[in-house]
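Keep the model open as you read.

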Amino acid sequence: MSAAPRTARGTRTRAKLLEAAEAVFASVGYHEASIVKITEAAAVGLGTFYLYFEGKQAIFDEVVEDLNRRVRHAMTDAARGAGTRLEAERAGFRAFFKFTAEHPALYRIIRQAEFVSPGALRLHYTRIVNGYIEGLKAAQLSGEVRQMDPTVAAWALMGIGELIGMRWVLWDDEGAEPARGARADVPEEVFEEMMQFIERALAPAPTPVPNSEQEGTAP
């Protein structure tokens, strides 16, 4: 558990600790990270840490939640002005890839959470999927998206974004992570190919032609 700050200064200090923890966990990993390294990176005293967090596990879970909140907000804000579901998909994926390029710690820390904090990992993905499901349900009701299980579709779409981002944002052509500051967005041709795949998957089924309209059609 973590304590909520009572003052504006406390809010800033807590934010500095989270930012430092994100950098430390991303650079050296959970097991090599320490509270001393985090407080040194945040330029705060060791005792100050315990005013806000019980320990390393607590701040790790909070970092996962903070990253989750920020990436969801980025995607939601980007898709808010979209006129159709497919436009929302396009805007949301662009925002996700942009966030990933700017915050590669998202991938590194979420991968660590699989072993360090499985509950935080499940919460991260579930929060993203739950919002996705509601959007797909609304699009199905309006006829923009074919009838399918929205839960399965949401997980599948999230998987597409996760792996496309990993391959073209997080890795270089040799399969390694590029140097700090060298990351670029997903190449436009890759993005368009991905979107064509998604659009075909979500497109409404063709409306069947009534038999009465087919009777006069030549064989």
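Is Arg-127 buried, partly exposed or exposed? Arg-127 is partly exposed, with a relative accessible area of 30%. The value is computed from a predicted model. Arg-127 forms a salt bridge with Glu-65, and the closest N and O atoms are 3.6 Å apart. Arg-127 sits in helix α7 and Glu-65 in helix α4, so the pair ties together parts that are 62 residues apart in sequence. Glu-65 also counts as partly exposed, at 27% relative accessibility.

Now turn to a second pair. Arg-70 and Glu-22 meet through their side chains in a salt bridge, at 3.0 Å from N to O. Arg-70 belongs to helix α4 (residues 56-79) and Glu-22 to helix α1 (residues 8-28), so this bridge ties together parts 48 residues apart in sequence. Glu-22 has 12% relative accessibility and counts as buried, because the cut-off for buried is under 20%.

Glu-192 is in helix α9 (residues 188-202) and Arg-90 in helix α5 (residues 85-102), and the pair links distant parts of the chain, 102 residues apart. Glu-192 is partly exposed, with a relative accessible area of 26%. Arg-90 is partly exposed too, at 24%. Which residues do salt bridges with shared partners join into one network? They are Glu-22, Glu-65, Asp-66, Arg-69, Arg-70 and Arg-127. The count of salt bridges comes to 14.

Next, follow helix α4 itself. α4 has 24 residues. From first C-alpha to last, α4 reaches 35 Å, close to the 34 Å expected at 1.5 Å a residue. Its buried residues include Ile-59, Phe-60, Val-63, Asp-66, Leu-67 and Met-75. What do the buried residues of α4 pack against? Their partners are α1, α2 (35-42), α3 (46-52), α5, α6 (105-116) and α7.

The contact with α1 deserves a look of its own. Two packed helices are described by the angle between their axes and the distance between the axes. For α1 and α4 the angle is about 95 degrees, and the axes are 9 Å apart. The two helices are therefore roughly perpendicular to each other. On the α1 side, Arg-14, Leu-17, Leu-18, Ala-21, Glu-22 and Phe-25 take part. They meet Lys-56, Ile-59, Phe-60, Glu-62, Val-63, Leu-67 and Arg-70 in α4.

Leaving aside neighbours within four places in sequence, Phe-25 is in contact with Tyr-30, Ala-33, Ile-38, Lys-56, Ile-59, Phe-60, Val-63, Ile-109 and Gln-112. Which residues have the most contacts inside the largest nonpolar core? They are Leu-17, Phe-25, Ile-59 and Phe-97, in a core of 59 residues. Helix α7 (residues 118-141) gives the largest share of this core, nine residues.

One last stop is on α1. Thr-13 is found in that helix. Thr-13 is buried, with a relative accessible area of 14%. Not counting residues up to four places away in sequence, Thr-13 touches Val-44, Thr-48 and Tyr-52.

Technical notes: Residues are numbered from 1 along each chain as its sequence is written. This is a predicted model: local features need pLDDT of at least 70, side-chain atom pairs count only at pLDDT 80 or more; totals for chains, interfaces and linings use all residues. Side-chain values use heavy atoms; hydrogens and water are left out. A nonpolar core is a set of buried Ala, Val, Leu, Ile, Met, Phe, Trp, Tyr and Cys residues joined through side-chain atoms within 4.5 Å. Buried means under 20% relative accessible area, exposed over 50%, partly exposed in between (1.4 Å probe, protein chains only). Helices (H or I, at least four residues) and strands (E, at least two) are DSSP runs, numbered from the N terminus. Contact means heavy atoms within 4.5 Å. A salt bridge is a side-chain nitrogen of Lys or Arg within 4 Å of a carboxyl oxygen of Asp or Glu. The expected span of a helix is 1.5 Å times one less than its number of residues. Axes are lines fitted to C-alpha atoms, for helices over the stretch in contact, and angles run from 0 to 180 degrees between N-to-C directions. Angles under 35 degrees count as roughly parallel, over 145 as roughly antiparallel, 65 to 115 as roughly perpendicular and the rest as oblique.
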